[in-house]
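This briefing sets out selected local features of one protein model. Please consult the sequence and the structure shown here alongside the points below.

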Amino acid sequence: MGNNTPKGIFDPLPTGIQPSVPVEGYTNTWTHTPSQTLFKRPVTRTEATGPADLWRKLECGDRNLAQTKEGKFAQGALMEVSGRVLDEDGRPVANAVVELWQANAAGRYTHALDDREAPLDPNFLGHGRVRSDEDGGYSFLTIKPGAYPVPVKDTWWRPPHIHFSVLGPSTLSRLVTQMYFPGDPLNDWDRILHSVGDPAARERLIAKQLHPADVGVDYLGFHHDIVLRGRNATPEA
């Protein structure tokens, strides 16, 4: 850590929060994991805190994934995912760029690399981007994704989950993580979720379902806070 780096930004995370990779039976974790030991490079204040106002450079506003501009709804259970982006001291992170991507209700991504024989939904692209408000709040209206198999010899299934990328307050503080749904039986067998060794940290990857009386009749509600750093950090995934 350089002398000009704000204290604490790049302190090591507690043991068990970072996932243990590569994960057996998941090819991407092998191709995306460095083969050589990492080394620390001094970070300047500019790198640690900039570039400023990322939301001005990355257009935000794609909150509604569940409905096309023509008014057609995607297939699946409508739901709203909302929460707050927080720093290591529980303070809101305003103007963070929050990106979400996910599979459709059949468990298929709208992506060239996903060529499974599961149906695509012409009314669902599965990605959006918003900017957190002054209280760190964010929300997306979307549909609940489906589970899908991992095509390896010892086949296993990924439970319904949502991917998040959070950029804030700088590009170097980007967090890429996943959100799971409470009570799904596939959670117990998901190798990505269980690559996080600390049970309390794994629990922070699982959203809380809101009571229907607090949400209303239009969609299901899930709450998911994302903590960027510190003892209670949301694990990478």
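The model is predicted. Strand 2, residues 97–101, and strand 3 run antiparallel and are joined by 5 bridges. Glutamine 102 lies in the loop between these two strands, and its side chain has a polar atom 2.9 Å from the backbone oxygen of isoleucine 143.

- Strand 3 spans residues 127–131 and has two faces, one covered and one uncovered.
- Gly128 and Val130 form the covered face of strand 3, whereas His127, Arg129 and Arg131 form the uncovered one.
- Within the antiparallel pairing of strand 2 with strand 3, valine 97 has arginine 131 as its bridge partner.

**Glutamine 102**

- Glutamine 102 has a relative accessibility of 1% and therefore counts as buried, the cut-off being under 20%.
- Leaving aside residues up to four places away in sequence, glutamine 102 touches Leu65, Tyr109, Phe124, Gly126, Thr142, Ile143, Lys144, Pro145, His161 and Ile162.
- Isoleucine 143, one of these contacts, places its backbone oxygen 2.9 Å from a polar atom of the glutamine 102 side chain.

- The volume of the second largest pocket is about 330 Å³.
- Its lining consists of Asp62, Asn64, Leu65, Gln67, Thr68, Lys69, Pro122, Asn123, Phe124, Leu125, Gly126 and His127.
- By residue class, this lining comprises 4 nonpolar, 6 polar and 2 charged residues.
- Leu65, Phe124 and Gly126 belong to the pocket lining and are also among the residues that glutamine 102 touches.
- His127 is another lining residue of the pocket, and it belongs to the uncovered face of strand 3.

**Backbone features**

- Most residues other than glycine have a negative phi, and most peptide bonds are trans.
- Valine 21 and proline 22 are joined by a cis peptide bond, with omega about 0°.
- Proline 22 is located in the segment before helix 1, which covers 27–31.
- Asparagine 95, a residue other than glycine, has a positive phi near 65°.
- Asparagine 95 is found in the loop between strand 1, 78–86, and strand 2.
- With a relative accessibility of 25%, asparagine 95 counts as partly exposed, because that class lies between the buried limit of 20% and the exposed limit of 50%.

Notes: Residues are numbered from 1 along each chain as its sequence is written. This is a predicted model: local features need pLDDT of at least 70, side-chain atom pairs count only at pLDDT 80 or more; totals for chains, interfaces and linings use all residues. Side-chain values use heavy atoms; hydrogens and water are left out. Buried means under 20% relative accessible area, exposed over 50%, partly exposed in between (1.4 Å probe, protein chains only). Helices (H or I, at least four residues) and strands (E, at least two) are DSSP runs, numbered from the N terminus. Two strands pair if DSSP finds at least two bridges between them. Contact means heavy atoms within 4.5 Å. A polar contact is a pair of N or O atoms within 3.5 Å; within protein, one must be able to donate a hydrogen and the other to accept it, and residues adjacent in sequence count only if both atoms are side-chain atoms. On a 1 Å grid over the protein atoms alone, a cavity is a set of points where a 1.4 Å probe fits but cannot get out, and a pocket is an open set with protein on both sides within 12 Å along at least five of seven lines; lining residues have an atom within 4 Å of a point. Grid points are joined across faces, edges and corners, and a volume is the space filled by probe spheres set on the points. Ala, Val, Leu, Ile, Met, Phe, Trp, Tyr, Cys and Pro count as nonpolar, Asp, Glu, Lys and Arg as charged, and the others, Gly among them, as polar.
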